[in-house]
Each structure stands twice: as C-alpha cells, then as structure tokens.
Amino acid sequence: MPRRRSATWFLSWCGLIAVLFVIYLPLVPPILFSVTPAEPGGVLTLQWYLALWRDPVLVCAIGTSLEVGIVVAAAATILGLGAAMAIRSLRVPRLVLALMLLPLFVPGVSMGLATALFFRLAGFEISLAKIAIVQTAWALPFATLIVVTAMSTFDPAYLEAAYVSGAGRWRAFVDVELPLIRSGISGAATFSLILSFNETVRTAVVQGPLNTVQTYIWSTYKQVGLSPALYALMSLLILLTVALVAAFVVGGARTSPAASGVNPRGR
Amino acid sequence: MLRRLLARWAFPALPIGFAVVFVVLPLALTIAVSFWTRVGLVVRPAFTFTSYEAFFAGARLLVFERSFLASIEATVLGLLLAYPIAYFLAFKVSPRAARTVLLLFTVPFLVNYIIRAFAWTWLLGRTGLINTLLMASGLTNEPLDWLLYSDVAVLIGLVTSYMPFMIFPLWLSLSGIDRRLIQASWMLGAPPARTFLRVTLPLSLPGVFAAAIFAFVGCFGESAIPVIMGGVGYQMMGNSIASAMDVLNYPLAAAISTVVLGAMMSLLLVWYLAFDARAFLGMIVRPGK
C-alpha cells in the first residue's frame with residue numbers, strides 16, 4: 001500500500017503527540033517542586049536533594065533498592081532466558097507462556113497478599129530475599145516477553161550449523177545464539193532493573209523490616225504527607241528511569257524490545 | 001553427559017519451577033486461606049464460608065460494584081484511545097517510527113504509578129495547571145472542583161496508567177494481519193469503513209480482548225490511585241484487600257482476593273476458548289516447534 005502523506009496523516013500524528021504529551025505530563029511536576037525554594041521569591045535550589053542524604057532511613061533504603069535491583073535484574077534475565085528456551089524446546093509452548101505471563105494478570109495487592117501468606121506459613125523471614133523474590137516474579141513476564149521476541153528472530157539454522165561443526169548444545173548456545181540475542185538480554189536486564197526500582201504494592205506487603213526507596217516514599221506519604229524532599233526523591237527516580245531507558249536505546253541496542261530484528265553483523 | 005542433561009533440561013526447568021513455587025502455589029494458598037477461620041490474631045485451617053459472608057453482606061459489595069463500573073469505564077476509554085493509536089502505528093507509519101513511538105509509550109509506564117498519581121493531584125487540583133489554564137483562557141470563572149477527588153479523577157488516573165500498555169497487544173495483533181486479506185476486500189469493492197468493520201476489526205479481536213483483560217484486571221485490583229486521587233473513603237477492590245490486611249484479617253483479605261482472581265480467571269478462560277491464541281501468539285512464538 002502506498003503511503004499517502006495526507007492531511008489525515010498529519011492530523012493523526014498531532015493526535016498521537018497530544019496523547020504522548022498527556023502521558024508524559026505527570027513526570028514534570030515532581031521535578032518542578034523539587035527545585036522550588038522554601039521561601040517565595042528565591043531562585044532555584046538543590047537544597048532538597050542535599051537534604052536527602054541526611055536521612056539515615058532513606059540512605060539505608062537506597063542501599064536496599066540497589067541490592068535488590070541488581071539481584072532482580074540478574075535473576076529475572078536468567079529465568080527469562082530459561083523460560084524462552086522452555087517455550088522453544090518443550091512441547092507445550094502456550095502453556096509455558098501462559099504460566100510465565102500469569103503475574104501480569106494478577107492485581108498487585110492480590111499477588112502481594114498471596115506471597116506474604118506463603119512466606120508466613122513457610123516461616124521464611126529474610127526481608128531482602130522476600131523483596132527480591134516478589135519483585136523477580138513481577139519482572140519475569142516482561143523479561144520473558146523481551147527475550148522471546150529477540151529469540152523469535154534468531155534462525156535455528158545457525159544452531160544446526162554449529163552442531164554440524166562439532167559444537168555441543170551448550171557451546172552452540174554460548175558461542176552462536178547468545179551473541180545474536182544480546183539486545184534481548186540487555187533489554188530484559190534493563191527493564192527488570194527499572195521495574196524493580198519502581199515497584200511498591202507487592203514490596204510493601206512482604207517487606208519486613210527493610211525499606212526500599214518506593215516503600216519509603218509510600219509510608220512517608222501516609223504518615224506525614226508530601227514534602228519537597230520527597231519530590232526530590234521522586235525526581236531522582238524519574239530521571240534514573242529515563243536515563244536507564246536512554247542508555248539501553250543508545251547502548252548498541254538499536255532495535256526496540258517490542259520487535260527487534262537481530263542483525264547477524266552484530267557479532 | 002551430566003552437563004548436557006543440565007543444559008538441556010535444568011535451564012528451562014528453572015523458571016517453570018520459580019513460577020510454580022512463587023506464583024501458582026501462593027495463589028492456590030490464597031484460595032485455601034479464604035476458607036480458614038481467624039481466632040484472635042491466629043489463622044487456623046478450617047472450611048467455613050464466614051469470610052465470603054462477611055464480604056457479600058457488608059459495604060464491600062458496594063466497593064465491588066464501584067470497582068466493576070470504574071474498571072469497565074476505564075477499559076472502554078482505554079480501548080477507544082489505544083486502538084486508533086495501534087492502528088495508526090501498524091498500518092500508517094514505517095516500522096522504525098512505530099518502534100520508536102512504542103518505546104516512548106513504555107517510559108511513563110515504567111515510572112512508578114504512585115509518583116504519577118501524586119503529580120496528577122497537583123495537575124487537577126484547584127490551584128493546579130489545568131484549572132489555572134481554564135481560568136486564564138476565560139473558559140471558567142471558578143476552579144472546577146470535580147476534577148480532583150472524584151470519579152473523574154480516578155478515571156483519569158486509571159486510563160493514563162493502563163492505556164499505554166493496551167497499545168502493545170493491539171499493535172501486535174494488528175500488525176500480524178495478513179495484508180492480502182485487506183487488499184482482497186478492497187478489490188472486491190468494499191469501501192474502507194466496511195473493510196475495517198468486516199475484515200480488520202474481527203481479525204484484531206484477540207488483541208482487543210488481551211488489552212481489555214489486562215486493563216480491566218489491573219484497574220479492578222488497583223489500590224493506590226483510588227486512595228491518592230479519589231479522596232478520603234474512596235475504595236476499590238485493592239483497597240478492600242489492603243484494609244482487611246491492615247487489621248490482620250487474612251481470611252477476609254484472601255476471600256476478597258479470591259473473588260478478584262476468580263473474575264480474572266474466568267475472563268482469561270473466555271479469551272482462551274474464544275480465540276485461537278496461536279493467531280495472536282504466532283507473532284512471538286515460532287509455530288511448528
């Protein structure tokens with residue numbers, strides 16, 4: 001079908017940009033409030049950002065968030081890769097995919113409650129591990145989808161070629177397939193890290209004594225309400241999320257996880 | 001030999017084991033606990049419908065109705081917005097531009113929705129951006145009160161949270177349609193509107209339902225947006241579960257959760273039975289394997 005650059009086409013683009021504008025609008029106010037000075041008439045300030053580091057509870061929460069984030073990014077990516085291989089090699093791909101995508105269709109509170117009950121009855125009380133597990137379960141569907149999409153563009157003939165050349169299953173995977181689905185792997189890791197940083201509801205139900213940055217924001221809001229320091233913290237999270245996505249897009253992965261065409265020249 | 005066995009089976013078995021132990025098992029446990037009894041602060045195994053009676057008799061049934069209505073509204077609005085966007089991206093722009101726009105839609109989704117809800121309370125508030133703009137342009141003389149802490153506010157919060165993610169399944173099913181079918185319809189003399197209604201729309205229904213189920217379930221169990229944007233006392237199902245948990249009534253929380261899970265499972269089952277999922281998943285799962 002020839003593409004017509006008609007008036008409708010331009011109007012559609014305008015509509016699309018308007019929707020994007022509305023969707024992005026809520027990312028602006030926290031950043032505005034975070035640089036507003038305490039007394040009116042002053043110039044822009046970064047004092048609220050500096051104040052963040054004087055709160056020991058928050059500094060501890062940032063540490064927890066980083067630790068959990070790294071564990072979740074690694075675990076969800078490895079599990080997502082395994083799930084993608086299971087979908088390809090087992091006889092019941094739809095069933096495996098349905099199992100992997102199940103957490104997408106369970107409301108956060110329900111999933112949090114279920115995991116909390118499970119941990120309680122199992123007598124499992126390690127706060128850090130509980131947070132990491134519940135967040136990995138949340139990130140896994142996304143990681144699986146991203147790896148599966150990358151893998152679907154990989155031609156299994158390359159694997160056959162590796163077997164013919166005398167490579168074992170493991171060697172063929174590491175030396176041939178892995179480099180070709182690299183963008184899927186890095187996409188899964190980036191998205192899992194971002195999802196971990198931005199998760200509240202599930203974490204809040206199972207957290208135990210430890211706080212993540214998100215549960216700190218939620219509990220501070222419920223106890224004392226919003227403050228410029230809290231806006232500063234939210235701005236940092238927004239900037240971090242945008243920076244991680246940008247790093248992923250710029251960092252070699254020229255194809256988006258939504259539909260990547262893996263380039264064999266990428267080796 | 002052992003290494004070959006591990007590479008072949010252990011790696012794919014790992015995520016399945018993880019999902020069974022940390023997703024399926026806890027959800028099954030929720031259903032079991034909903035029949036247990038609470039003695040003081042201790043939860044004991046039993047088989048009673050007390051929690052369900054408490055749920056269906058109390059004011060929580062109103063919360064159920066409200067959640068149901070709000071979720072339907074948000075889902076329909078989301079579809080009306082997401083479908084044209086997905087259609088435009090699938091048929092009218094280059095794949096490269098489509099991928100860029102899809103990535104742009106994921107960024108706000110990834111930013112914590114609680115943070116976005118806080119931002120909306122300012123945007124919609126009496127002294128917020130929207131009321132300021134409305135008054136400056138002379139459209140209204142007084143700030144609109146019903147923009148925040150109302151059904152409208154919750155609806156805005158829900159639609160802006162879930163609509164971006166509805167675009168993906170819609171785009172996936174629309175771009176998977178065989179173009180020759182559309183061309184055939186055109187060649188047989190059908191005008192564009194008729195081609196859309198009789199060919200494109202029916203073929204994209206699996207995506208429509210996937211998007212609708214995702215949004216409906218998400219809205220139905222939402223717990224933060226109603227609290228932040230609905231104002232004091234505004235509750236949806238997620239809040240019901242959370243408030244039952246706050247008073248340590250785990251059987252009641254589990255019972256409400258089971259009702260939500262049951263609604264979700266029946267929707268998924270309808271989807272699974274009504275559509276050939278392969279037509280939809282064929283895009284991402286290589287067939288014939």
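**Entry 1: chain B on its own**

I began with burial: of the 289 residues in chain B, 43% are buried. I note here that the model is predicted. Next I looked up the secondary structure. Chain B holds 14 helices and two strands. I then checked the extent of the C-alpha trace. Along its principal axes, chain B spans about 80 × 70 × 35 Å.

**Entry 2: where the chains meet**

I turned to the contact between the two chains. Chain A puts in 71 residues, and chain B puts in 71 residues. Which element gives the largest share on the side of chain B? I found helix H1 (residues 2-33) of chain B, with 19 residues.

**Entry 3: the nonpolar core**

I looked for the largest nonpolar core, and it has 156 residues. I listed the residues with the most contacts inside this core. From chain A they are Leu113(A) and Val147(A). From chain B they are Ala86(B), Ile167(B), Leu170(B), Trp171(B) and Ile256(B). Helix H7 (residues 127-152) of chain A gives the most to the core, with 16 residues.

Ala86(B) is itself among the residues with the most contacts inside the core.

I checked backbone angles next. Most residues other than glycine have a negative phi. I noted two exceptions.

Tyr149(B) has a phi near 55°, a positive value, and is not a glycine. Where is Tyr149(B) found? I placed Tyr149(B) in the loop between helix H6 (129-136) and helix H7 (151-175) of chain B. I counted 19 other C-beta atoms within 10 Å of Tyr149(B), so this residue is partly exposed. Being buried takes 20 or more.

Leu248(B) is not a glycine either, and its phi is positive, about 60°. I traced Leu248(B) to the loop between helix H12 (237-246) and helix H13 (250-274) of chain B. Is Leu248(B) partly exposed or buried? It has 13 other C-beta atoms within 10 Å, so Leu248(B) is partly exposed. A residue counts as exposed at 12 or fewer.

Key:
Residues numbered from 1 in each chain as written. Chains lettered and ligands numbered in written order. Predicted model: local features only at pLDDT ≥ 70, side-chain atom pairs only at ≥ 80, totals over all residues. Contact = placed C-beta atoms within 7 Å. Helix = DSSP H or I, 4+ residues; strand = E, 2+ residues; numbered from the N terminus. Core = buried A, V, L, I, M, F, W, Y, C linked by C-beta atoms within 7 Å.
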